[in-house]
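Welcome! Let's walk through this structure together, one step at a time. Have the view ready and follow along as we go.

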2 protein chains.
Amino acid sequence: MPKVFAERSDVIPALGEIFREYGFAGASLSEITERTGLGKGSLYHFFPNGKNEMAEAVLNEIDTWFNENVFAPLRESEDAVSSIRLMFNEVNRYFKSGKRICLVGAFALDHTRDHFSEKVCNYFKIWMNSLTTALKRNGLAKKDAKEIAEEVVGGIQGALVLARSQDDPKIFVRAMKRLEKRIMELIGE
Amino acid sequence: MPKVFAERSDVIPALGEIFREYGFAGASLSEITERTGLGKGSLYHFFPNGKNEMAEAVLNEIDTWFNENVFAPLRESEDAVSSIRLMFNEVNRYFKSGKRICLVGAFALDHTRDHFSEKVCNYFKIWMNSLTTALKRNGLAKKDAKEIAEEVVGGIQGALVLARSQDDPKIFVRAMKRLEKRIMELIGE
DNA sequence: TCTTGATTGTACTGATTGGTACAATATATA
DNA sequence: TATATATTGTACCAATCAGTACAATCAAGA
């Protein structure tokens, strides 16, 4: 029997990539054991509830990452403009300039959503609310801020779909530039 | 043994809804037999290549529908403005005002795309090209027209993801209004 | 060293997967 | 009516599915 002990947190990124690639239903345990290098024994030791618990762990990690690196700055930074610029930079980095899709968006589309509806719903809701807060801090009316936030978050998701459909990440990069420019014009920067 | 004979084309819409709901990997044959009311015998009689051929038939129907109702008018109508208005109307109708997702977009995200890459790629490509043509006919420079087309088609996809994530079709309706308005402003209507 | 608990591989389960075979039935044509 | 073809239900298949059981192994503390 093997030597090195893994940590639960070590596997989560790999699980994320597998779910991105195959979707929740399409990600089989055999694929998971193969790609993570962990046998079923370890897998069910770390995630007693199986695939569901694995997906939940991945969603939690995504949640934490975005809260720390994107949402919190949007809500709390005194310099709203630079927190918005930060958002575009970090989001671009996270999605690897369009080479990576949004797992939450993918889960949202089919009935996987129903298993994780709260997390899926909140991810986008908090993103939009945080961006709205930053925009209001820059003098936009609440209604306008909400509409722009919806447009930007939606635009990012759509660009990820489009980029992947054409196998052309530049579509995503272009969309990000366009959206950032529009926001900056609106808040007069 | 039963009486009424079905037609291949009768099942395709039902297949479409099943794939929308469960994704390609998640749509099991037992679910398909149940929801279509057809046994495996009939199913494999109409689609000898199984699930793959079913999905292809669905994609073909989508392709035909959009070509007839959206893409061809955009490319061929003499009145480009009304062909763009028609696009928004028909697209809104097709996606049931945000209550229905885009199957092609869903297929694009995970590795299902690889099985149908040409169809997935062309659906969006032809959509964007057709819209670009209509915009150029209205005096927009080629580069601008292409960029707006990318923004609009992407924006629609993103709005579908967002609307479904929040279980709120109005998000889609708002996005459609916003995008139509922006296009109309750009071409001076 | 001895013990304890965390980690792991292997073997196994019953259920479900996509798919095939084929006989029975229905419709259409002659 | 007789025949040919299209359609269908059922039984079946091997492969794979998610998940369980458990003994073997490890690291660390007493």
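Arg178(B) forms a salt bridge with Glu150(A), and their closest N and O atoms are 3.8 Å apart. Bear in mind that this is a predicted model, and that the distance is computed from its atoms.

Across the interface of chain A and chain B, the rule finds 10 salt bridges. It also finds 18 residue pairs in polar contact there, with both residues at pLDDT 80 or more. On the side of chain A that touches chain B, the elements giving two or more residues are helix H1 (8-26), helix H6 (103-109), helix H7 (112-115), helix H8 (117-137), H9 and helix H10 (170-186) of chain A. H9(A) gives the most, with 11 residues. Sorted by class, the residues on this side of chain A are 14 nonpolar, 9 polar and 14 charged.

Now step back to take in the interface as a whole. Here 37 residues of chain A are in contact with 37 residues of chain B. The area buried between chain A and chain B is about 3,400 Å², and carbon and sulfur atoms give 58% of it. Three residues, Leu109(A), Glu150(A) and Arg164(A), supply 20% of the area that chain A buries against chain B, more than any other three residues.

Next, look at a place where two helices from the two chains meet. The axes of helix H9 (residues 142-165) of chain A and helix H8 (residues 117-137) of chain B come within 8 Å and cross at roughly 115 degrees. From H9(A), the contact is made by Val161(A), Leu162(A) and Ser165(A), while H8(B) brings Val120(B), Cys121(B), Phe124(B) and Met128(B). By class, this contact has 6 nonpolar residues, 1 polar residue and no charged ones.

Finally, let's consider chain A by itself. What does chain A contain in the way of helices and strands? There are 10 helices and 0 strands, and read along the sequence the pattern is α-α-α-α-α-α-α-α-α-α. The C-alpha trace of chain A spans about 65 × 35 × 30 Å along its principal axes. Of the 189 residues in chain A, 52% are buried. Among contacts in chain A between residues at least 6 apart in sequence, 65% join residues at least 24 apart.

Terms used. Residues are numbered from 1 along each chain as its sequence is written. Chains are lettered from A and ligands numbered from 1 in the order in which they are written. This is a predicted model: local features need pLDDT of at least 70, side-chain atom pairs count only at pLDDT 80 or more; totals for chains, interfaces and linings use all residues. Side-chain values use heavy atoms; hydrogens and water are left out. Axes are lines fitted to C-alpha atoms, for helices over the stretch in contact, and angles run from 0 to 180 degrees between N-to-C directions. Helices (H or I, at least four residues) and strands (E, at least two) are DSSP runs, numbered from the N terminus. Contact means heavy atoms within 4.5 Å. Ala, Val, Leu, Ile, Met, Phe, Trp, Tyr, Cys and Pro count as nonpolar, Asp, Glu, Lys and Arg as charged, and the others, Gly among them, as polar. Buried area is the accessible area (1.4 Å probe) that two parts lose on being put together, summed over both. A salt bridge is a side-chain nitrogen of Lys or Arg within 4 Å of a carboxyl oxygen of Asp or Glu. A polar contact is a pair of N or O atoms within 3.5 Å; within protein, one must be able to donate a hydrogen and the other to accept it, and residues adjacent in sequence count only if both atoms are side-chain atoms. Buried means under 20% relative accessible area, exposed over 50%, partly exposed in between (1.4 Å probe, protein chains only).
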